[in-house]
Structure formats: structure tokens, C-alpha cells
Amino acid sequence: MLLFDLYRLLEFVLTLLFWAIFIRAILSWVQPNPYNPVVRFLDRVTDPILRPLQQHLPLLGGIDLSPLVAMLLIEAAKMLLPRLLFGSF
């Protein structure tokens, strides 16, 4: 039971992180106020994931692909999580 609760918690955290990155990517299109508390919170939460990816991924026509790659990696981690914790899907 404890292992299942751990799985659900990790899945929930990964889902929240996915949506935080998605919202940050959408907000980057409209140039929000960088002093807005929501924008600052999203930056603090997503920067540890996006910054290393930005250093290794080139810009594609001026487009930052790090949010897309991060979201794909999060979804892959969510798919692998049951196998790592329970040994099967």
C-alpha cells in the first residue's frame, strides 16, 4: 500500500510539473510581466528542469524546444514509473 501511495504521489508531482512547463511555454508567447508572482513561481519551479535542457539543445529558428523535450521526458518517466516500482505495467 505504501508503494502505491508513493507511485500516486510521484505521478501527481510529475503531472503538476508537466502543466507548469506547459503554462510557462504558453505565457512566453504573450510576454507576461516578469514581476508577476505567478510568473515568478513558474520560473522558480521550471528553471531547474529547463535550464540544463536549454544549454544542450540548439534553438530551432529562434524557437526554444526545451519545454517540449521536458514534457516528453516527464511523460516517459510517468510511463516507466509503474515498471520501476511494481515490476510491470
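These legends accompany close-up views of a predicted model.

**View 1. Helices H1 and H2 pack against each other.** Here we look at where H1, covering residues 2-28, packs with H2, covering residues 37-56. Angles of 65 to 115 degrees count as roughly perpendicular, so that is how H1 sits relative to H2.

**View 2. Side by side: the residues where H1 meets H2.** From H1, the contact takes in Leu17, Ala20, Ile21, Ile23, Arg24 and Leu27. Facing them from H2 are Val39, Leu42, Asp43, Val45, Thr46, Asp47, Ile49, Leu50 and Arg51.

**View 3. Trp19 pairs with Phe18 and with Phe22.** Four aromatic pairs turn up in a search of the whole structure. In one of them, the ring centres of Phe18 and Trp19 are 5.5 Å apart with planes at 80°, so this pair is edge-to-face. The rings of Trp19 and Phe22 are also edge-to-face, because their planes lie at 80°, with centres 5.3 Å apart. Trp19 and Phe22 are three residues apart in helix H1, which means about one helical turn separates them.

**View 4. A cluster of aromatic rings.** Which residues do ring pairs link into a cluster? They are Phe4, Tyr7 and Phe86.

Methods: Residues are numbered from 1 along each chain as its sequence is written. This is a predicted model: local features need pLDDT of at least 70, side-chain atom pairs count only at pLDDT 80 or more; totals for chains, interfaces and linings use all residues. Side-chain values use heavy atoms; hydrogens and water are left out. Axes are lines fitted to C-alpha atoms, for helices over the stretch in contact, and angles run from 0 to 180 degrees between N-to-C directions. Helices (H or I, at least four residues) and strands (E, at least two) are DSSP runs, numbered from the N terminus. Angles under 35 degrees count as roughly parallel, over 145 as roughly antiparallel, 65 to 115 as roughly perpendicular and the rest as oblique. Contact means heavy atoms within 4.5 Å. Rings of Phe, Tyr and Trp (its six-membered ring) pair if their centres lie within 6.5 Å; planes under 30 degrees apart count as stacked, over 60 as edge-to-face and the rest as tilted.
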